[in-house]
Amino acid sequence: MKGKKGNVGVKVITPNIQKAEVSTQINKEKAYNAGDWIDPPARLEGLKVLVNESSILPQCIRAYKNNIAGFGIGIRYTTDDEETPEMQSEYKRASEIVELLTTEEDTKEVFKNVIEARETYGIAYVEVIRNLSQEVVQIDFIKDTPSIRKTQPLFPYIEYSYYHHGQEMKRKKKYKKYKQEIAGTTVYFKEFGDPRIMDYRNGEYVNELELKYRANEILEFALGSELYGEVRWVGQLLGVDGSRAAESLNNNYFRNGRHTPLLIMVNGGSLTDESFAKLQDYMNGIKGEAGQHSFLILETESIEGRADFDDDKQPEIEVKDLASILQRDELFQEYLDNNRKRVQSAFLLPDLYVGYTTEFNRATAQTAMEVTEEQVFQPERKSLAWVINHKLLNNYKFEHVEAYFLEPDISNPDDMYKLLTVANNAGGVTPNMAKEILCKALGRTCEPYDGEWADEPIVVGKNKATASAGGFGATIAKLGGQIEKASRNNEPQELIAVMKEVRKVLKKMQEEEE
């Protein structure tokens, strides 16, 4: 605005800007009316049929569920702090909760079933049951995955509580509805985390309701971002179906054959009606063991119908073997093998995990396991563990512990030997470290050696002064006592051998010092 002549005034207006509290992205919700029940884009039952009739999909799915969840679920501390009574209490409570999430089977079996269903249909569901304190106390795998239907996330946005390191946070989201229909019976569920009360008989949200009619929650495990998930091997669908057709064709051939096995030629005459009927019955019944060691008599008659036995031109019967043109092996072997490899590539699995091990040696097998662990199984385990910790156990407000999926030990003993040799030569291995590594390799639980000497490197530089009062002599004497003690306690001979080797090294170093 203008003031006095030659002066200009500027007024800055600061608007009241507020950030949106919820997601504002555009999605497909507007294509459906509120509350519409949406069907999967394809019949899920057909996917199960393809898996059952495939020669490679069951192995891939089994490899996933056994290697991701098959080693069990453990509890561990999230920090390296010194253990306190509070931490011990949390650890014990978390262990009990995970163990009692299901009493019908090991908790890991629920997640193995989840993985199997997810890899078959692209999605899997678990029914979640809470106590009156809204803590998760039970989970049940929903076996009939195709029977579940759901809606898009529905308005309005609902506020819920989320606990991060014990601190409560408020968030908002839209929740879906679920229903299960089997044989004319329908049961409704609400989405996991929905704080509202739902009537499982009609799917309506209410303010008050008897506990026995309150709907439980469904926790879904979906691949991809589609409403009903994405099948991992959907790109190989035609190959899977083609392999099934090829196997069916081969099976039909092995049962019924494709070519006439022999040719019967009659010159100068024809088969009698009785012989033709016998031949036809013989060919129809030659399958299986009933046709073994049987023989056939053919009778012919002259074309002119004469009964002159002296005629030199009697009918002739000639049998030609056509076995040389029969199919001797299954068809489409290369096609089937290529389809198998493509399916495995969809799962990122090497042959070792699906039973094809002819081209492997120790080095290639070790590499295959290491790569598959890093690229496939470990990320999947972390993803499932996140669901357990940040969803199923979130209301317990654990601060010091977390659940995780156990994994196999795929360390290479040869690599470990080389590493320890280099470290020992550089003075980096202590007696306690050597004992710990050996006990782990033997699958034993061993207590560390007592005394400061056990945490000192076995090999030390010549320029380093001996810290103990008695020098090497005192250390050797203490180690001798430990060897005698181990012998009296019947400890493994391998451990005693290691201690003797350590003592031998120390004696040699003592001689060099002197």
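Are Tyr64 and Phe377 buried or exposed? Both residues are buried, where buried means under 20% relative accessible area, exposed over 50% and partly exposed in between, with a 1.4 Å probe and protein chains only. The model is predicted, so that local features need pLDDT of at least 70 and side-chain atom pairs count only at pLDDT 80 or more, while totals for chains, interfaces and linings use all residues. Residues are numbered from 1 along each chain as its sequence is written, and side-chain values use heavy atoms, with hydrogens and water left out.

**View 1. The protein chain as a whole.** Twelve helices and 16 strands are present in the protein chain; helices (H or I, at least four residues) and strands (E, at least two) are DSSP runs numbered from the N terminus. Of the 514 residues, 34% are buried.

**View 2. The aromatic pair of Tyr64 and Phe377.** The structure holds twelve aromatic pairs. Rings of Phe, Tyr and Trp (its six-membered ring) pair if their centres lie within 6.5 Å; planes under 30 degrees apart count as stacked, over 60 as edge-to-face and the rest as tilted. Tyr64 and Phe377 are edge-to-face, 6.0 Å centre to centre and with 80 degrees between the planes. Because Tyr64 belongs to helix 2 (residues 57–68) and Phe377 to helix 8 (residues 362–392), the pair ties together parts that are 313 residues apart in sequence. Tyr64 and Phe377 form one aromatic cluster with Phe347 and Tyr353.

**View 3. The aromatic pair of Tyr396 and Phe398.** These rings are stacked, with 5.7 Å from centre to centre and 5 degrees between the planes. Tyr396 and Phe398 are both buried.

**View 4. Arginine residues over tyrosine rings.** A charge sits over a ring if NZ of Lys or CZ of Arg is within 6 Å of the ring centre and within 35 degrees of the ring normal. The charged end of Arg201 is placed over the ring of Tyr213, 3.7 Å from its centre. Arg340 lies over the face of Tyr356, 3.9 Å from the ring centre.

**View 5. The nonpolar cores.** A nonpolar core is a set of buried Ala, Val, Leu, Ile, Met, Phe, Trp, Tyr and Cys residues joined through side-chain atoms within 4.5 Å. The largest has 53 residues, and Ile139, Trp233, Phe347, Leu349 and Leu392 have the most contacts inside it. Helix 8 supplies the largest share of this core, seven residues. A second, separate core of twelve residues includes Tyr449, Leu479, Ile483 and Met499.
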